[in-house]
Amino acid sequence: MSDKPAYIHHVNFPTTDPDRTIEWYSKVFGMKYIKPKSNTKVVLMTRGNFDLHFTPVEEMDRMAPYHFAVEVEDWEGFLAHLDSLGIRHTRVITRPENNSQFCYIHDPDHTMIELVFHERRAYPPVKSAASAATASTGGPTSAEEARAALAEGR
C-alpha cells in the first residue's frame, strides 16, 4: 500500500459559457466532451492523459496570476496550430537550467494556460480501448470512453 498520490485526476475552473468552453478546448487541445450521467451542469472534458472540469458561473472572477500548464509534444507544431486558430501567445522563453520552453495563452474566460515543452521528455501513448456506448449515445459518457475515442482518433 502506498501513501503517495498517483497523479492529478482533474482540475476545475469557472466558465461563463459552457458551449464556448467545449468548443475552444476541443479545438485548441483536442479534448473530448464527456456527457455527464447525472443532471450536473459541470462541463467534463478529457484529453485522455488529463481531464479538465468547468463549473458554470454568472460572472468571472479574475484568475491571473493563477494558471495551469500543459506540456506539448511538438513545440513548433503546436505554436503553428495556435497561429492557424488565431490564438495569440506571449513571448517564448527558454529556461537555461533544462532548455525547456514555455509561453502563455488565455482561454475565452481569460484563464491563463502555460504551454511547456521539454525536448527530451518521453511521451507514453494513450492506451486504446473499444467503446460501444460512445456510438449509441452520440458522445462519450465517461472519461474511459473519451480516452478510448481520443486514442482511436475519433
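The accessible surface of the protein comes to about 9900 Å², and 52% of it belongs to carbon and sulfur atoms, with areas taken from the Shrake-Rupley method with a 1.4 Å probe, where for residues only the protein chains shown count as cover. This is a predicted model, in which local features need pLDDT of at least 70 and side-chain atom pairs count only at pLDDT 80 or more, while totals for chains, interfaces and linings use all residues. Residues are numbered from 1 along each chain as its sequence is written, and side-chain values use heavy atoms, with hydrogens and water left out.

**Overall fold**
- The protein has four helices and eight strands, which are DSSP runs numbered from the N terminus (helices: H or I, at least four residues; strands: E, at least two).
- Of the 154 residues, 38% are buried, where buried means under 20% relative accessible area with a 1.4 Å probe and protein chains only.

**The loop residue I87**
- I87 sits in the loop between α2 (75-85) and β6 (93-94), and it counts as buried because its relative accessibility is 13%.
- Not counting residues up to four places away in sequence, I87 touches W24, V28, L82 and I105, a contact being heavy atoms within 4.5 Å.

**Aromatic rings**
- The structure holds nine aromatic pairs, meaning rings of Phe, Tyr and Trp (its six-membered ring) whose centres lie within 6.5 Å, with planes under 30 degrees apart counted as stacked, over 60 as edge-to-face and the rest as tilted.
- W24 and F29 form an edge-to-face pair, at 6.1 Å centre to centre and 75° between the planes, and both residues are buried.

Terms used
Buried means under 20% relative accessible area, exposed over 50%, partly exposed in between (1.4 Å probe, protein chains only).
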